[in-house]
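Hi there,

Here is the structure I promised to pass on. Have a look at it first, and then read my notes below.

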Amino acid sequence: MGKGGKVRYIPMNHRTIALIDAFLESRGHRGDLTGALFRGVGLRLRAESHRLHPVSVRRHVVQLHAGNAGIDMPGICVHSLRAAVATNALEHDADIAKVQEWLGHANASTARLYDRRRSRPEDSPTFRVEY
């Protein structure tokens, strides 16, 4: 479900399905097909089936796991991961129109904003100057 309640169906890579299945199994809610994927476990929650608040997703899912992976990036968030996955798909020859559809953008120019292939530091003219 996207912005404005718009429903999109996207294919899922078989490796992703296996990882999600293993995660659900480890959390003990593999059979719950209607519950949230990431669930709160705090003392204030009455049941683990409560969805995480968007701030919690950023703080407790994205930043925690990034830190555990050794990624020290203060601004990391769901949106930066979205740009990273779009760039990765484009680096591996995905069609921009398909990436646009995948991201749920009405316009290809919006999808191009997520394309970070040309903004890599190692491609900067700074590294082309010889002293």
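**Salt bridges**

R30 pairs with E25 in a salt bridge whose closest N and O atoms are 3.0 Å apart. (A salt bridge here is a side-chain nitrogen of Lys or Arg within 4 Å of a carboxyl oxygen of Asp or Glu.) R30 also forms a salt bridge with D21, and there the closest N and O atoms are 2.7 Å apart. Through these shared partners, D21, E25 and R30 are joined into one network. In total the structure holds two salt bridges. As background, side chains of opposite charge can pair when their charged atoms come close.

How covered are the three partners? D21 is partly exposed at 30% relative accessible area, R30 is partly exposed at 42%, and E25 is partly exposed at 48%. (Buried means under 20% relative accessible area, exposed over 50%, and partly exposed in between, with a 1.4 Å probe and protein chains only.)

**Before you go further**

Please keep in mind that this is a predicted model: local features need pLDDT of at least 70 and side-chain atom pairs count only at pLDDT 80 or more, while totals for chains, interfaces and linings use all residues. Residues are numbered from 1 along each chain as its sequence is written, and side-chain values use heavy atoms, with hydrogens and water left out.

**The overall layout**

The chain has five helices and zero strands, so the pattern along the sequence reads α-α-α-α-α, given that helices (H or I, at least four residues) and strands (E, at least two) are DSSP runs numbered from the N terminus. Of its 131 residues, 18% count as buried.

**The start of the chain**

M1 sits in the segment before α1 (14-27), and M1 is exposed, with a relative accessible area of 78%. Together with V7 and Y9, M1 forms a nonpolar surface patch with about 460 Å² of accessible area. (Patches are made of residues with over 30% relative accessible area and no salt bridge; like charges are joined within 9 Å, and nonpolar side chains (Val, Leu, Ile, Met, Phe, Trp, Tyr) within 5 Å. The areas come from the Shrake-Rupley method with a 1.4 Å probe, and for residues only the protein chains shown count as cover.)

I10 is also placed in the segment before α1, and at 47% relative accessibility I10 counts as partly exposed. The C-alpha atoms of I10 and L103 are separated by 9.5 Å, although the two are 93 residues apart along the chain.

**A pocket**

Which residues line the second largest pocket? They are R8, Y9, I10, P11, K98, E101 and W102. (On a 1 Å grid over the protein atoms alone, a pocket is an open set of points where a 1.4 Å probe fits, with protein on both sides within 12 Å along at least five of seven lines; lining residues have an atom within 4 Å of a point.) Its volume is about 190 Å³, meaning the space filled by probe spheres set on the points. By class, the lining has four nonpolar, no polar and three charged residues.

**Two loop residues**

D93 lies in the loop between α3 (78-91) and α4 (96-103). Its phi is near 70°, a positive value in a residue other than glycine, and D93 is exposed at 74% relative accessibility. L37 is found in the loop between α1 and α2 (54-68) and is partly exposed at 34%.

Cheers

Definitions and conventions
Nonpolar A, V, L, I, M, F, W, Y, C, P; charged D, E, K, R; others polar.
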